[in-house]
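I opened this model to look up a few places in the fold. My notes follow in the order I made them.

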Amino acid sequence: RRRVRAAVVALQRQGLGNCTVASLADHLVRVPDCKAPSDVSSTRSASEVRTTSLASGAPETVDVGQLTKTKEAADLLLRASLEMSTRGFADIGDLITTLIKGAAQLLQADRCSLFRVEEDELVSSAPGKDGTDTIRVRVGSGIAGHVAQTGEIVNIPDAYADPRFNEEVDKRTGYRTVSLLCGPLLFQGQVIAVVQLLNKTASNTGHVPFTDEDESLFRGFASFAGVALSNAYLYHDALGERRKTEVLLDSVHRLGNAGVHRVDEVTHVIREAATELLEAERCTLFVVDRGAHCLYASTDDGQHISTPIGKGIAGTVCETQETLNIADVYAHQLFNPDVDVGTGYVSRNILCMPVKSPEEKDEVIGVVQVLNKLSTRGGFTRSDEQVLAFFTQFAALHLTNAKRYAFLVQSQETAMHLVEMQSSMGSKVQPRGGIMAANDVNVATAMAIELTPEEKRLVLTDEFDVHEYGMGTTKFNRLVPLAAWIFERLGLLDAFKVSRFTFFRFLLTVAGKYRAVPYHSFVHAFDVTQTIACFLAKGGAQHFITRLDAFALLVSSLLHDVDHMGLNNSFHTKVETPLGFLSTASGTTSVLEVHHCNLALEILAMESTAIFAGLNKEDHATAYKSLISTILATDMAKHKELVSDFLGTCRPVYDKENPEHRRLATAMLMKAADLSNLTKPFNIARLWAILVTGEFYYQGDTEKAVGCGVTPSFNREAKPDLADTQLGFIDNCALEFYGALASVFPGLSYTVDQLRLNRARWAKVKAGGGKTRANS
């Protein structure tokens, strides 16, 4: 009685307030009181005792052997209960070991295992050859899964006769299971664990089935074991939540101290915090580069990682915006084992989650990838997913601010750089990094493409149809060798000491920095370059500028829209994109043009693509000044100012020896080529009109998505008439512009002639009845 009462007191101290002597006794096999020896009948067997029930007064005969076993069972159950109640909650694994040993001893089982219920799985961990072996079973699957699902005790005398038994476990371990007793540990009516006992042992008969009495003993054991285990879980959950809160607060504090001055410092804090929060081995934070259509990351040991969007685990998460929680990475089709081979690291499990913009919830700005859960080899849990999702909200805010600050700093540097370039070109431009030059294999592949004699002839005429070489066509890869042929045919590579290999690398690098937008793609850049070549050759413009001017102009035409996003300057300004902040900070509206200049300078400054490297100091300065001037001149906001300066300066007499005349001439030629789709044969011009209108619609859709006012002519739903838009631009801008150009360069009057022909065709289309759409 004293031992029972002591067990009750100990259990009450552990939170079992409703445990009493009576409730404990309900789970123990009661030992009947014995009468005095004089009351024992001499005619009874020595193994039997007559007793009287207090409830009915009826006599009851008890087997002395059974009585002994009952006392032993009660004693074992009591000792197990005391040990569970006094052990505490410091180590759940230690408590589980105690439960397993206690159950096996109490029910005389050869082996015992305990499965924890973790969401929709049962998890059991046991020592193995290489550390800890973890077994996972779905709830509802197998015997243990059935018990977890139903809460019933299952007693099987012959395991191999039960279809739910998995024989593979015995085959793998070499063990032979005969009898099996499997029961739940409950807390507040919920199954929190499943105990599975194998092979009841008997000293004289070997393995025997578990009995009804064993089931009763298990119920008594389970009532205390369930409470003890549940309290341990609650205690550790509380400790875990406290630790997570402390880590989260510390991480937010560290992020605040890191500020926004260095992106690498912010990403380092985010990686450290995520690793600690989720109790993982390591973490990688990928940052999205939409321009390059890839993710990039830096590790603490200085390694740089890059992966395309849509490829691999991180790339797929970025593209789908869906979290991936992978328990076994080597069994997953997206995992690339070569990464482990190259680094020597062994990946087991991964939790990969998108980091979304705090301003645009559908925009992914990064991907956080956490590797190898430390506390269990089973992988990351749903709770881990919730914690990481919460943390990434803070991470996204700081990452966005850091990137924005870095962009503004770079923009200020760029603005100063451009000013210095314009004023004094005496020194070489230094690359800032961030652009990957085309590799040798791609260069060799492009150089191996053979152009046909017809292609070489047509590319220097206005009959050339660039749409045959558009994105998605089989001829698209021929644009680079065609561009090289233009420079070779005009003798510019030899004249300025540019090797063919370097020039091909330059062309491929430039092409790689253009985006797949409807209009401002590399196809447009090539078209502008091809048109300028026609201006120089067919139109005679080469006689009005120097050969160096022509070289710089053609290079500028290739670079003039590099990394165009399909969104114009007004969009970046009114939506306040990072590029838009540059406009506000520097006081210019040429947001995109400055961006194009910046990238152009970086590409030309790289040693492997430095096609201006062969120029002497004076020509080097002149080429850069010309490049910047002509690219900035493509801003339509400066259109009228450019035309006015050109006519006021270059008429009535154009002076080729005057640098200002040549600067304005090259700017006008670039502008004319940039708008030249209006002056091409009608079938070619019409396709360009459809493409540019498609890009206008893309911007209108984007404006609508971000909640700002939609530019009227960019509204897809308004369905502006294609003929109307073309006639309006020709009448209000193009005819006057090309007329001004031809008034100084008479050889370009053919552009005005074709423009008038196209106007007549558009007028005929409009008069024919019915509207023409961008997709017609």
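**Entry: whole chain**

I started by noting that this is a predicted model. I looked up the secondary structure and found 27 helices and 15 strands in the protein chain. Next I asked what share of the 776 residues is buried. Buried residues make up 47%. I then took the contacts with a separation of 6 or more, and 66% of them join residues 24 or more positions apart.

**Entry: the annotated sites**

I turned to the UniProt record, an unreviewed entry. One "binding site" annotation there lists His 520, Ser 521, Phe 522, Val 523, His 524, Asp 561, Asp 674 and Gln 726. Another annotation under "binding site", also from the unreviewed entry, covers His 524, His 560, Asp 561 and Asp 674.

**Entry: His 560**

I placed His 560 in the loop between α18 (547-559) and α19 (569-575). I read its relative accessible area as 0%, so His 560 is buried. I then listed its contacts, leaving out residues up to four places away in sequence. His 560 touches Tyr 514, His 524, Ala 525, Val 528, His 596, Ile 631, Thr 634, Met 670 and Asp 674. Two of these names, His 524 and Asp 674, also stand in the annotation that covers His 560.

**Entry: Asp 674**

I found Asp 674 in helix α24, which runs over residues 659-674. Is Asp 674 buried or exposed? Its relative accessibility is 12%, so I count Asp 674 as buried. Beyond its neighbours within four places in sequence, Asp 674 is in contact with Tyr 519, His 524, Val 528, His 560, Asp 561 and Thr 634. I noted that His 524, His 560 and Asp 561 are among the residues annotated with Asp 674, and Asp 674 contacts each of them.

**Entry: Val 523**

I went on to Val 523, which sits in helix α17 (residues 522-537). Val 523 has 6% relative accessibility and therefore counts as buried. I set aside its neighbours within four places in sequence and checked which residues it contacts. They are Val 466, Tyr 469, Gly 470, Met 471, Phe 476, Leu 479 and Trp 688.

**Entry: α14 against α16**

The crossing of α14 past α16 is right-handed. From α14, the contact uses Val 480, Pro 481, Ala 483, Ala 484, Phe 487 and Glu 488. From α16, Arg 500, Phe 503, Phe 504, Leu 507 and Leu 508 meet them. I sorted the residues of this contact into nine nonpolar, no polar and two charged.

**Entry: Phe 501**

I finished with Phe 501, which lies in helix α16. How accessible is Phe 501, buried or partly exposed? At 33% relative accessibility, Phe 501 counts as partly exposed. Phe 501 touches Asp 440, Val 443 and Met 447, not counting residues up to four places away in sequence. Phe 501 and Asp 440 are 61 residues apart along the chain, and their C-alpha atoms are separated by 9.0 Å.

Methods: Residues numbered from 1 in each chain as written. Predicted model: local features only at pLDDT ≥ 70, side-chain atom pairs only at ≥ 80, totals over all residues. Heavy atoms only, no water. Left-handed = near helix turned anticlockwise from the far one by under 90°. Helix = DSSP H or I, 4+ residues; strand = E, 2+ residues; numbered from the N terminus. Contact = heavy atoms within 4.5 Å. Nonpolar A, V, L, I, M, F, W, Y, C, P; charged D, E, K, R; others polar. UniProt positions renumbered as here; feature names shortened; annotations may be inferred. Buried < 20%, exposed > 50% of the residue type's maximum accessible area, 1.4 Å probe, protein only.
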